[in-house]
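Thanks for coming. I will go through one model this morning and keep to a few local features. Please have a look at it first.

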Amino acid sequence: MGSHWLLNAVRFHVRVVDRVSDFIGLIAMYLIFAMVAILLLDAITRNVIQIPLHWCIEAAQFTLAAYYFMGGAMTLKNNDHVRMDLFYDGLSAKGKAKLDLVTITCLIFYLAVLLIGSLSSLEYAIDTNETRFSMWNPSMIPIKALMVGCIVLMLLQSVSLIFKHVATIWEFELK
């Protein structure tokens, strides 16, 4: 009975983080359409009416960066990341879960280092009111804040995956 609340907390974490990852991933999916629209606008204004919009390329770059950051947690959740399946496919479900625990541990270390660097970068952007050196001169704070938030979500999704793999090894159901 004492571990019942812990199991419920783990289930709650998995359920909430999976839903948030799906929601953010869905938003990221639609960012591709926004990026295509921005690039189309740039092509038309630059080549057809000869009035270049200087902000279009940078806006497309920011949109692509946001897409990349926001899609990470959903990619982890859905197991859609790139993996070399040379040995992995031959493993049992428990064997895959054990190997995934090792790789997720490496991922968490990488994400933690990335988070430390991105927090430092965000702090610098806020302290100096950092902008891009361009004609448009946009603030770097929003994209760096988004990067920090998405790295945190990927860390939370990695913890969710750890819970799922441990449940597979111990044969628990977390849904």
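Start at Glu171: this residue comes just after helix H4 and has a positive phi of about 65 degrees. Helices here are DSSP runs of H or I with at least four residues, strands are runs of E with at least two, and both are numbered from the N terminus. This is a predicted model, so local features need pLDDT of at least 70 and side-chain atom pairs count only at pLDDT 80 or more, while totals for chains, interfaces and linings use all residues. Residues are numbered from 1 along each chain as its sequence is written, and side-chain values use heavy atoms, with hydrogens and water left out.

Now H4 itself. What should its 30 residues span at 1.5 Å a residue? The expected span is 1.5 Å times one less than the number of residues. For H4, residues 141-170, that gives 44 Å, and the end C-alpha atoms are 44 Å apart, which agrees.

H4 packs against helix H3, residues 93-128, at an angle of about 160 degrees, with the axes 8 Å apart. The axes are lines fitted to C-alpha atoms, for helices over the stretch in contact, and the angles run from 0 to 180 degrees between N-to-C directions. H3 and H4 are therefore roughly antiparallel, a term for angles over 145 degrees. The residues of this contact comprise 26 nonpolar, 5 polar and 4 charged. Nonpolar means Ala, Val, Leu, Ile, Met, Phe, Trp, Tyr, Cys and Pro; charged means Asp, Glu, Lys and Arg; the others, Gly among them, are polar.

Next, the loops. Asn137 lies in the one between H3 and H4. Its phi is positive, near 60 degrees, and Asn137 is not a glycine. Asn137 counts as partly exposed at 38% relative accessibility; buried is under 20%, exposed over 50%, and partly exposed in between, with a 1.4 Å probe and protein chains only.

Gln50 sits in the loop between helix H1 (4-48) and helix H2 (56-77). Gln50, also not a glycine, has a positive phi of about 55 degrees. With 59% relative accessibility, Gln50 is exposed.

Last, aromatic pairs, of which the structure holds 3. Rings of Phe, Tyr and Trp (its six-membered ring) pair if their centres lie within 6.5 Å; planes under 30 degrees apart are stacked, over 60 edge-to-face, and the rest tilted. One of the pairs is Tyr68 with Phe69, tilted, at 6.0 Å centre to centre and 55 degrees between the planes. Tyr68 is exposed at 64%, whereas Phe69 is buried at 18%.

How values were computed: Parallel < 35°, antiparallel > 145°, perpendicular 65-115°, else oblique.
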